[in-house]
Amino acid sequence: MTRRYILVALLLLAPAAVAQDVLGGLRDQGLGFAQVTPGKKLQFPRDHGAHPDYRIEWWYLTANLSDDDGRDWGLQWTLFRQALSPEPVDSGWNSNQIWMAHVAITTPDGHFHEQRFARGGIGQAGVTEIERDGFFNAWMDDWEWRSNGASLLPARLRFTIGEREIDLSLEATGELVANGIDGYSQKSAQGQASYYYSHPFIRLGGTVKSGPEKIDLAGKGWLDREWSSQALAQNQQGWDWFSLHLDDGHKLMVYQLRHDGGEHWLSGNWIGADGSTRLLGRDAIDLSPLQLRAISTGENRSRRLPMEWRLLLVEQDRRWRIRPLYDDQWMDTTIPYWEGVVIVEGENGQRAGVGYMELTGYQ
Amino acid sequence: MNRGFVWILKALLSHYWRHPWQTLFMAIGLIAGVGLWSAVQIINQHAEASYRQAQSLLGAQASYWIQSRRDEGIEQSLYIDLRRAGFRQVFPLIELEVGTVEGISVSIIATDLLALPGDAFGAEGDTGDFAETWLKFVQPPYRAWVPEALARELRLEAGAQLRLRGGRSLPPALIQAREQQGRRVLLDIGAAMSLSGSDRFSYLAVGPVTQREHARLAALLPEYLELTENQQHIDLRELTESLHSHLTAMSLLSFAVGLFIVFNAVRFSLWYRRATILDLRLMGCATQQLFTAILLETLLWSLIGTALGFGLGILLAHALLPGLGASLQSLYAATVDSDLGLSPLTLLQAWSITLLGLVWALSWPLYRQLQQSSLEAGRSAGLLRDEAVARRRLALAALALALIAGLGYGRIETVTQGFVVLGLMLFAAAWLLPILLAAGLLLAGWLVPRSRLLPRWMVSDGWSQMPALRSAMMALLLALTANLGVGTLVDSFRNAFVGWLEVRQSADIYLRGPRVDYGRLRASPSTRSWLAASHYRIGVNTRWRDRPTLVRGIDPRAPDSLELPLSLWQGESAAAARRVWREQPGKVLINEQLHFLAGVELGETIELNTDGGARKFEVVGVFYDYGNPYFQFYLPYEVVARNWSHHYSRGIALWLKHDNNEAMQQAEASLTALGARPGDWISQAQVRRLSVGIFDRTFAITAAMNGLTMIVAAIALLASLLAILQERLPQFAQWRALGLRQGEQLLLVATPLLIFCVIAWLMSIPLGALLSWILIHKLNIISFGWSMPLVWEFEPALRLALLVLLICAATLLLVSYQWRRKMPQALAQLGETI
């Protein structure tokens, strides 16, 4: 999905003149950087690693978990990479790669998050090359995803948020899927695009420790991998993104890039339990907000966000209502956004699945 | 407030607009005094606030340090290991000293802003300039963040690159600073590493950790690294306390000199308001009302004085801070931010001290005036008699003060006590002055032949001028004495310091850094042609009696060790003591700081904590250690190497063969061949220039305060003379009418003035000597633990005499101008009365 560009964009690219325009950097032409072109085949395990010749990239894991009492939990673990100049300098303090990490955990007691930065080249953050190093490792300080062998999964995910220590094991229950056309994901009619694949079949299990308290958790995860050098059109102001685990075994990814004027750019992937995919175009998706609510975004600050949605897949003739587990899942990071656990309800109002929603670009 | 009261107040205050010059002088005295005092207070409090922040570094908390016991720095991999073990509060730092092509020493601090704890990177409010501010900082060609004051000092413009010795230069400058950056240039670690050519950090800082984390962190560190608590905020307060007390004392002196002007102006206003007050009382005004009016007047003046004085103080503090900040950084490694923080407390203090001063100088004399009976107040014949009584009273008080000062002298134990004794002494001298001035007049009158009428008149007119000039003379005496005393202290110190530097820094080249191995240097055939002698020194940082302490291992046979200047020694000579230290085991040399501040005596046995536990050493000598705020022990090299495995290199001193004209070039070539980089070595001339530069900067603030005090005294003199002119204009008009020429009239005023000034100047010489004697032999030793011989020279005294003459000439010139302007009117008035 295109969504994470905004975070990296403002943080790492936005010049002073367009400080208000958070997407300025993304709309840059990305001259000198490697460009995303159609027809290129994704190669694994190589493409699990970093692509420093592209401007931006991320490893984005979200997971819907539950504890022994059946209560909903969620987690987000994200590593962003940004190249500051086209010619990659990978090692040493002169490295032009900068890393940013966001983690968050949605608990029955509230939502907690943390942000970190690190520079590349010194070993404080990075992603290994599986072919060279023999294992997958994406890390920043003590936050890390480390595989047990020469593949992405199975792996162990460990991170901390304040006093909370999260330790989970991850394993694949299916294959990863390419989004767009063989991983070439178009973002606008003008040709902006990214390479984009997901791993929606991840089973997680482990613990969250907070002081003497230790809670067992288990659930489903969704990994998004995306890289590009230029991804947004001039008139795109933000996006709404959903990754859903449906109870019938389907996985669904849907996003819309909101345009200043004219129609929004809608895209999605309808993934069967067997891993079969169906690219969803603009006409195949009907996504509309049901309710705008004021969300507290800090002390005496709030924003109005569309917290409830109606989603309709035309060809599949399926419709759902999507609502947050609770509203307070705001990421008050340098570039703030809403990202959190959502509950999917079917036409009869029954719970039909869980997932993650991301809302960006709302003032 | 009833109307009557308003009238009283108006009548009293009308004096000030009837005599604008006196009002101006009173204001100047008050503002200058308050200004100088508050400037120093602002600086002191700002410095103290900075010391309190020593728990933080560049805006991040630094509760602990991770340092190499061997001073080798810390490798990157260890830092990454700690971060990956979850110690996110650990961040790397590099500190460097570099020299510009102009020979100015610049301190550099470098860190990784992305790794600073506490969300420093891209913090809110900075996003607007994110690319310009942050991204360029961490990427080649990097940016150097230079605080505004430092940039001004280095004449560095935004975007320009500071050129350094050895053909290097700093990254393009951005005029910007982080918290606790002080007078340092902030660089990214990457930039600092390219600059230094080393891939190691100087040390790591550690933010707050829980007890459990502390234990885990300590366990993770290899044996050669140590985790120490950041005690800088305590150390700095202790180490710099004396310096700040010195400044406070200077500022109080300035305040006192300022108050003399006020006192003088008040005396004048009393003279003029006698009639007003008498009229008011005869009209039936209650004493109570008059008293309240006086209090209101005082309050008004205190508000004016505080507001304007404090404003002047802020300006002065801004001007003085960069120099002082540089000294604090060079001497104590104390970081003082260049942006002044003002506290309302300082303002309140300034107001209280102003009010207190005014109550003493304004309200009290006015109140006394009220107390006098109406009849007595009306008579002016008793004035001269009053003056004589006042002189005698002052002299008696002076003797009492001198007695207290004398008694107190033997009991001086702290810096504050020392300054109290000094203050008593100075005021005793000031109060004694009027009677000496009177004696001088008597003597002059006796010396002038009875037949010479005009000269006799000139001398005896001094009696009329005395009341007006008294306070100004006292202020002048204080300023002259302070100038001479402090000047002598600085000259003596400079003399001792430069002489000491010549012996201590006798080597031609000083080599630092880890790149050259001493063994290889000694063995290298390339050094034979130029190397006459060398001295490899090692050291251990420790704490002794809870104060930062250095144990140095030096080669006892190196040229500079053989000549090590001792201030005290055991046995018959310094050379004999050095021999004993060199040849007998278990002997130690200590610095003067240990002797004077910690009270360690010759022959005493002290204990040092070595790797193998506490070891005893006997003190056989005390060496001078100017400029060092820390305790320092000197032991032979082998003793330190044997007892402290974690010793580190303190550099190599190299002496050149003086018969070889190209020794310096050859030395530089072979050092480069041995792996040293430009910047690793520094020549003797450069070291001396740096040391003397630090010295001069340290005393720059003293010189500035001295100069300002002198200016205040000059203003006092001018104010008094103008007052005389004002008071006696009718008299002068009468004389003029009797045929006295203007030149003669000017002489009439100038002669007593000159007599008085000569007396004040003469008195300031022994007094200045006494002041410097106490400063050098008492206060300097108590404050810093540095002893030095007093070097007395007459030249400064002569220079001051010249200065006094110039001040007199300038004031007389102004007075004669005023005279010329006012005389016609005065003559006209005289004509009317006749």
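Q: What hand does the crossing of helix 14 of chain B and helix 23 of chain B have?
A: Right-handed. A crossing counts as right-handed if the near helix is turned clockwise from the far one by less than a right angle, and left-handed if anticlockwise. Bear in mind that this is a predicted model: local features need pLDDT of at least 70, side-chain atom pairs count only at pLDDT 80 or more, and totals for chains, interfaces and linings use all residues. Residues are numbered from 1 along each chain as its sequence is written, and chains are lettered from A and ligands numbered from 1 in the order in which they are written.

Q: At what angle do the axes of helix 14 and helix 23 of chain B cross?
A: Roughly 50 degrees, and the axes come within 7 Å. That makes helix 14 of chain B oblique to helix 23 of chain B. Angles under 35 degrees count as roughly parallel, over 145 as roughly antiparallel, 65 to 115 as roughly perpendicular and the rest as oblique. Axes are lines fitted to C-alpha atoms, for helices over the stretch in contact, with angles from 0 to 180 degrees between N-to-C directions. Helices (H or I, at least four residues) and strands (E, at least two) are DSSP runs numbered from the N terminus.

Q: Which residues of helix 14 of chain B meet helix 23 of chain B?
A: B:Leu454, B:Trp457, B:Met458 and B:Val459. Contact here means C-beta atoms, placed from the backbone, within 7 Å. By class, this contact of helix 14 with helix 23 of chain B has seven nonpolar, one polar and one charged residues. Ala, Val, Leu, Ile, Met, Phe, Trp, Tyr, Cys and Pro count as nonpolar, Asp, Glu, Lys and Arg as charged, and the others, Gly among them, as polar.

Q: And helix 13 of chain B: how does it run relative to helix 23 of chain B, roughly parallel or roughly antiparallel?
A: Roughly antiparallel. Their axes come within 9 Å and cross at roughly 160 degrees. The crossing of helix 13 and helix 23 of chain B is right-handed. By class, their contact has 19 nonpolar, three polar and one charged residues.

Q: At what angle does helix 15 of chain B cross helix 23 of chain B?
A: Roughly 30 degrees, with the axes coming within 7 Å. Helix 15 of chain B passes helix 23 in a right-handed crossing. The residues of that contact divide into 19 nonpolar, nine polar and no charged.

Q: Switching topic. Where is B:Leu674?
A: In the loop between helix 21 (663–673) and strand 22 (681–683) of chain B.

Q: What does B:Leu674 touch beyond its neighbours within four places in sequence?
A: B:Val516, B:Arg520, B:Leu521 and B:Ser524.

Q: Why does B:Leu674 count as partly exposed?
A: Because B:Leu674 has 17 C-beta neighbours inside 10 Å. A residue is buried if 20 or more other C-beta atoms lie within 10 Å of its own, exposed if 12 or fewer, and partly exposed in between.

Q: What is phi of A:Asn300?
A: Near 55 degrees, a positive value in a residue other than glycine. A:Asn300 is in the loop between strand 18 (285–298) and strand 19 (301–313) of chain A. A:Asn300 is exposed, with 6 other C-beta atoms within 10 Å. B:Arg545 also has a positive phi, about 50 degrees, although it is not a glycine.

Q: Last thing, confidence. What is the mean pLDDT of chain B?
A: 83, and 94% of the residues in chain B reach 70 or more. pLDDT is the predictor's confidence in each residue, from 0 to 100.

Q: Which element of chain B has the lowest mean pLDDT?
A: Helix 11 (residues 374–378) of chain B, at 48. Helix 3 (residues 76–84) of chain B has the highest, at 94. Over residues 377–381 of chain B, pLDDT stays under 50. The model scores ipTM 0.89 and pTM 0.69.

Technical notes
Two residues are in contact if their C-beta atoms, placed from the backbone, lie within 7 Å.
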